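Here are a few notes to go with your first look at this model. Keep the picture open as you read.

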Amino acid sequence: MQWETIIGLEVHLQLATKSKIFSGSSTTFGAEPNTQASAVDLAMPGMLPVLNEQAVRYAVKFGLGIGAQISKRSVFDRKNYFYPDLPKGYQISQFDAPIVGKGSFEILMEDGSSRTIGITRAHLEEDAGKSLHEDFNDHTGIDLNRAGTPLLEIVSEPDIRSAAEAVAYLKALHSLVTYLGISDGNMAEGSMRCDVNISLRPIGSKTLGTRAEIKNVNSFRFVEKAIHHEFQRQADILEDGGKITQETRLYDADRDETRSMRSKEVANDYRYFPEPDLLPVVIDDIYIESIRESLPELPVEKRSRFTAQYGLGPYDANVLSDSRPLADYFETVAGECGDAKIAANWVQVELLGQLNRAGSAIEKCPVSATALGALISRILDKTISGKMAKQVFESMWNGEGAADDIIEARGLLQVSDTAAIDAIVDDVLSASAAQVQQYLDSDEAKRKKLVGFFVGQVMKLSKGQANPQMVNELLAKKLA
Amino acid sequence: MHTKSVAQLAKGLRERQFSSAELTRAYLDRITTLDTQYNSFITVNEAAALEAAEAADRSLAVGNANALTGIPIAHKDIFCTEGVRTSCGSRMLENFIPPYDATVIERFKAAGAVLLGKTNMDEFAMGSSNESSFYGPARNPWNTDLVPGGSSGGSAAAVAGLLAPAATGTDTGGSIRQPAAFCGITGLKPTYGRVSRLGIVAFASSLDQAGPMAHSAEDCALLLNIMAGHDPLDSTSSTVATQDYCATLDDSLEGLRIGLPAEYFGEGLDVTTGECINNALKELEAQGATLVELSLPHSALTIPTYYIIAPAEASTNLSRFDGVRYGYRCENPADLHDLYSRTRQEGFGEEVKRRILVGTYALSAGYYDAYYKKAQQIRRLIKQDFMDCFEQVDIIAGPTAPGPAFALGAKSNDPISMYLEDVYTLAVNLAGLPGMSLPAGFVEGKPVGLQLIGRHFDEARLLNVAHRFQQATDWHLSTPDSAKGGSL
């Protein structure tokens, strides 16, 4: 049987506020356990939550970023359950009146095709603390630094059809929220955590199958692997005539498998009801419009502008608009050298290549965009060849200075002196009489290959400094 | 000096007739001598109180004194007090010493008041007789075989027994007014949001409100001046401007329209209590007020509505008492589930557990719409009843409780009859209105309370009416025999 995979994602996005959503404690990652937990975070008796306005602002930003309905009146609710890292015995969340309603955004696949993924809702809530099961001699330690960190839970429609789409969705989401500046998007530090809802149905069927929810999958790669694994598990069951149990499963990255969580851990009646310690969040059009005006150019807008303004293909435009720093870098390079296509090529191939090899990020790039633009200008004005430029770029990467200084210091200036090149071409042709004869006897296809040979010889003799275009022209003339 | 009002004591302190240290010492001595009868204090703050009194004396000496500088105040053991145990009447918090002050406490400290001690109360403020306290019941100074009322029974008994000139209480369904009525003192529950809830151990968040308990309306006004005001750390606290609640105490009652809801004078009201109330109303009429008969048609739904909403909120407010971070923890828990279940089984008393069960049930999937949601809808109707009445009248008056204080043990095995004690007070909390109780006579030596209910944020009017009544009557000046002993 051919199966169609139906996937919906719930992403818990940590908002980049300085303090927690309901207390003044810092949200900085990595502090000593329980040093960033106030009386409110510890749920001491009599303590009350006070809503952090910045979290509301960020949620509205997100909503506007996906063209969603923003609720003018949203309500916080208590979600009740007992767990040691949940100090109050309830989580303050939003249940039936979330701040962000229906929206959607477009994801772009590697083949250039695009799809629109619906967003059901996004709501504000507080994070729980962490239980530490190691290092305490059979006891469990509780770290409440994370308790009360603001989260935006973004729930997608079941519009995703493959692991690749799921990853593309997450990358697009990551790109959007970092553009908006509402999250650092740092997955390693848990700033974006994902629950995957997945079900299968025979291709052509219109009814949804029973789904399983895979909890807390915390990297793009694990999302992909977890979906592949879960697809196979469900397909095996269905093909054996079995039924899928609706349940919560945990992805184990070490064993690359999902397994059922004990029902005790999930069988909860959360007894949601409106949080009486907080007033409903009421916002007006003026507030929403002021946030709309502050929105930066979003990835989708930037992508289409790159296509229109610079004539880039959709894939290139997507890669270059993936993050704001990268897009800004590219635009500076393009502006400096005046040729966006070559700039795009250099940024994607040379620059991103180096960054990947170095495991570094664009923000830490040792070659500034202006410096790279200046280097490309030297290719365009024929001072050096593209091949030479790659060597110069290496040197720039290693901190040896600006392009012009390196070119001069190493004597890499391209030879564009006709007489000098003429002499070398003559030398090559006279030293290669057999090949010349072969050339004269050959058809067009074979001749091309031999020209390559002659060019190579000239470049070798000129130590790569001969202007390749001039070499070609001279060869054509002399072999005619 | 223990027979003096807060206003008189403040004057005495300013005029250096006595020092705050002497005054505080006097009350501490009275507590030592007399509280064995009342059990009104859970914790007496002797050393720190004397220190604070000396500090107050230094302020008084340089003429740098506020209205309450040097006045000893007793606080219900529900207010978190930095460095002073705050048990909330429960075993669960027997060992709990908060590292912070409730906003109310902070305000009293800033005003120079002396924190005398923490008073007895029903466990987590759940009860109408003070019998659910883990620390034993407080007793009524008018007759120690009687309950003092609840949940702020310790505060009421301490003031009535002259162990403190004034006290604070909290009122979720009548917990200031009913004990004030039973003990013959004056108590005010302000409008919801008038006084900060920060640092008050939560019972039912949408109903809880702190207020003053003292001998007179004037003293309540002095205390409310300190307590009232917006607190940015309590999102439900109001930004409506406060007033000087003493400024309008003497205003004339000429033209005042007083509403008398038929539902508060019908079946269930003790006859003699009703007569006391009628006599009190005649006094107000004599001062120029008009009595208007009216109706609060949804009154019959008050008790069921309250006993859905309050336990629902309580059930989740009390989830934090899990033995993990502070408070009681069971011995040698076998695992997490055992830790939770034994800690809560052993740490909470019967009434608290009953309400957690009721509240949990009311919020459960499948029952939420039928109970909690329905109760919230009825709550709006109850509030609307009051709003309609306030179109016709300025205040509403009636009895605070159906009868006077009852004997210890008389209702402790019958929760329903205990819940009926609050039949006239609960609606005020559901509607978020200010309400107060003031002494209006005696039934066989047991005090009777007159309840006054006002418009939202109209505390000044209630205090004005109560003060004018107290200028013409002396019920509030009566002292129980049991309090006449002791020093001074």
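1. Three residues of helix H13 of chain A are buried: Ile421(A), Val425(A) and Val428(A). Buried here means 20 or more other C-beta atoms within 10 Å of a residue's own, exposed means 12 or fewer, and partly exposed lies in between, with C-beta atoms placed from the backbone. Seen down the axis of H13(A), the buried residues fall within an arc of 60° (taken from the directions from the helix axis to the C-beta atoms), so they line one face. On the other side, Ala419(A), Ala423(A), Asp426(A), Ser430(A) and Ala431(A) are exposed.

2. This is a predicted model, where local features need pLDDT of at least 70, side-chain atom pairs count only at pLDDT 80 or more, and totals for chains, interfaces and linings use all residues. Residues are numbered from 1 along each chain as its sequence is written, while chains are lettered from A and ligands numbered from 1 in the order written.

3. What do the buried residues of H13(A) pack against? They pack against helix H15 (444-461) and helix H16 (468-479) of chain A. Contact means C-beta atoms, placed from the backbone, within 7 Å; helices (H or I, at least four residues) and strands (E, at least two) are DSSP runs, numbered from the N terminus.

4. Now for a sheet. Chain A has an open one of three strands, ordered E4-E3-E14 with antiparallel pairing; strands pair if DSSP finds at least two bridges between them. Its edge strands are E4 (90-93) and E14 (273-274). Arg78(A) stands opposite Phe273(A) in E14(A).

5. Where the chains meet, the contact takes 32 residues from chain B and 25 from chain A.

Technical notes
Two residues are in contact if their C-beta atoms, placed from the backbone, lie within 7 Å.
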